[in-house]
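Please open the structure in a viewer and follow the selections below in order. The tour concerns contacts between side chains.

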There are 2 protein chains.
Amino acid sequence: MEKVRRNERIGIMVSILCNHPNRIFTLNHFSEKFNTAKSTISEDIVIMRKLLNRFELGDIETVVGAAGGVRFIPALFKKNTIFIEDICNKLSEADRILPGGFLYMTDILFMPDVVQQFGEMLATQFYHTQPDFVITVETKGIPIALMTARALNCPVVVARRESKVTEGSTVSINYVSASSKRIQTMSLVKRSVQKGQRGLIVDDFMKGGGTAKGLMELLHEFEAEIAGVGVIISTADPKQKLVEDYKSLMLLKEVDETQRRILVEPSSWLKS
Amino acid sequence: MEKVRRNERIGIMVSILCNHPNRIFTLNHFSEKFNTAKSTISEDIVIMRKLLNRFELGDIETVVGAAGGVRFIPALFKKNTIFIEDICNKLSEADRILPGGFLYMTDILFMPDVVQQFGEMLATQFYHTQPDFVITVETKGIPIALMTARALNCPVVVARRESKVTEGSTVSINYVSASSKRIQTMSLVKRSVQKGQRGLIVDDFMKGGGTAKGLMELLHEFEAEIAGVGVIISTADPKQKLVEDYKSLMLLKEVDETQRRILVEPSSWLKS
């Protein structure tokens, strides 16, 4: 194989690592790929790490032990706060107010580059909980769940509003929507979660916390553990949610249908 | 600003370009970022292009004109065919057969790295059609739609099985499921698609083609154009679908519930 120069090695390694967040690649893997000594690869990694930090792209972690190697981890930088402030401004446009005081945000939830950034930001808060999967309920939570799972390198599991014949046997629960007080059902395919696994609950929106609570109860039925709860946007009112501990990227303080006014701001842990 | 060396510039540029497929970055953008002459950046790009091709990671295209620059485009390589062959083997495991002769593939549809590869492969077939958005119908089509849209750098639009009060006014159509012959409804939020835009229809599975046909009719209601139809897996039977022209990554030839046998293979355009 033709010799691969340092700039080429770094280009390829950055591309591979950034495209597979939280996946461990051994030094051997790169050493063989480039036909280069492991010591040289180690030097490359030191350079890459500084580089990704300096340009606010993320971090590289070294994992020791038999299954050791290096992995790319998204990190929080000043630019992430600016990004969230920008989204807050977009969400505050008056024509997003829907009849009933709802906020139209579907367009933002389905823009891949936006939701990828949301997912990476939420993931930074949950790496330490080492989830085996991300769980959400259809439909609008799916993009953010998928992108959070991408950043965490784990699969997504989707609870359905109604069980489908094409997915095999399911477990269903009833839960009460905290805001509408209506009884709802959600189902999860039996083979999708194993006992003892850790699930990270992710959704687009939290008002009373009923859906997150329902997903927690569903996971209890599977004897699975809760790694945490993360949402893109939560409402200031009610202050008391049905779940105690959750991370939200943005706080919806007000939707005033008469005054045509929306007030959204970054969550306090993200403020600069 | 401290001088940025070639290996550092290439590392950062590869990371930025690969993380934003099909987005054009001007040479000025990089020239300012690194405080380096445009001619030097041009040389870097030549190196990167060779590199990404050699290691089968994709291609860099130069776009000329006022809005010109460079962009990263996923490309098809031998490794993509091997990846699809591997997925076909996984899908052929007998315990995936569900009652009624259905095939359990939800786990594969919700693994971010797998579905990202699916999305990039489908996108390679549609860059030339320049879609303004990708459209699918909830629920299982969403991950593949999102990852295809990520590779094409455009938003996703999701048709719903029932219209939701929280998304504003909708347009609904009835369509006939080709396989079950049942009348179904799908709705799309009015503000999500503009007249004259081009929509790429993407779904996980195609049997008779009724859903894709329904999405086409829905787009006609919006006076939008069809950029194409892409699915992950289509069935060999019926050979005659309700849509004529579509791209599928895999072909499901047989699910034999009695013999416990599944036959899936890569589509002919992907065979090595």
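**Salt bridges and aromatic contacts**

Across all chains, the count comes to 36 salt bridges in this predicted model.

Select Glu61(B) and Arg71(B): they form a salt bridge whose closest N and O atoms are 3.3 Å apart. Glu61(B) belongs to strand β1 (residues 59–63) of chain B and Arg71(B) to strand β2 (residues 69–73) of chain B, so the bridge ties together parts that are 10 residues apart in sequence. Glu61(B) counts as partly exposed, at 32% relative accessibility.

Next, select Glu138(B) and Arg160(B), whose side chains meet in a salt bridge at 3.2 Å, N to O. Glu138(B) lies in the loop between β5 (133–137) and α7 (142–152) of chain B, and Arg160(B) in the loop between β6 (156–159) and β7 (170–176) of chain B, so parts 22 residues apart in sequence are tied together. Glu138(B) counts as buried at 10% relative accessibility, and Arg160(B) counts as buried at 8%.

In chain A, display Arg6(A), Arg9(A), Glu43(A) and Asp44(A), which a network of salt bridges links.

Turn now to the rings; the structure holds eight aromatic pairs over all chains. Select Phe83(B) and Phe118(B): their ring centres are 5.6 Å apart and their planes are at 55°, so the pair is tilted. Phe83(B) is in helix α4 (residues 78–91) of chain B and Phe118(B) in helix α6 (residues 112–124) of chain B, 35 residues apart. Both Phe83(B) and Phe118(B) are buried.

Finally, select Arg191(B) and Tyr104(A): Arg191(B) lies over the face of Tyr104(A), at 4.1 Å from the ring centre.

Terms used
Residues numbered from 1 in each chain as written. Chains lettered and ligands numbered in written order. Predicted model: local features only at pLDDT ≥ 70, side-chain atom pairs only at ≥ 80, totals over all residues. Heavy atoms only, no water. Phe/Tyr/Trp six-rings, centres within 6.5 Å; stacked < 30°, edge-to-face > 60°. Helix = DSSP H or I, 4+ residues; strand = E, 2+ residues; numbered from the N terminus. Buried < 20%, exposed > 50% of the residue type's maximum accessible area, 1.4 Å probe, protein only. Lys NZ or Arg CZ within 6 Å of the ring centre and 35° of its normal. Salt bridge = Lys/Arg side-chain N within 4 Å of Asp/Glu carboxyl O.
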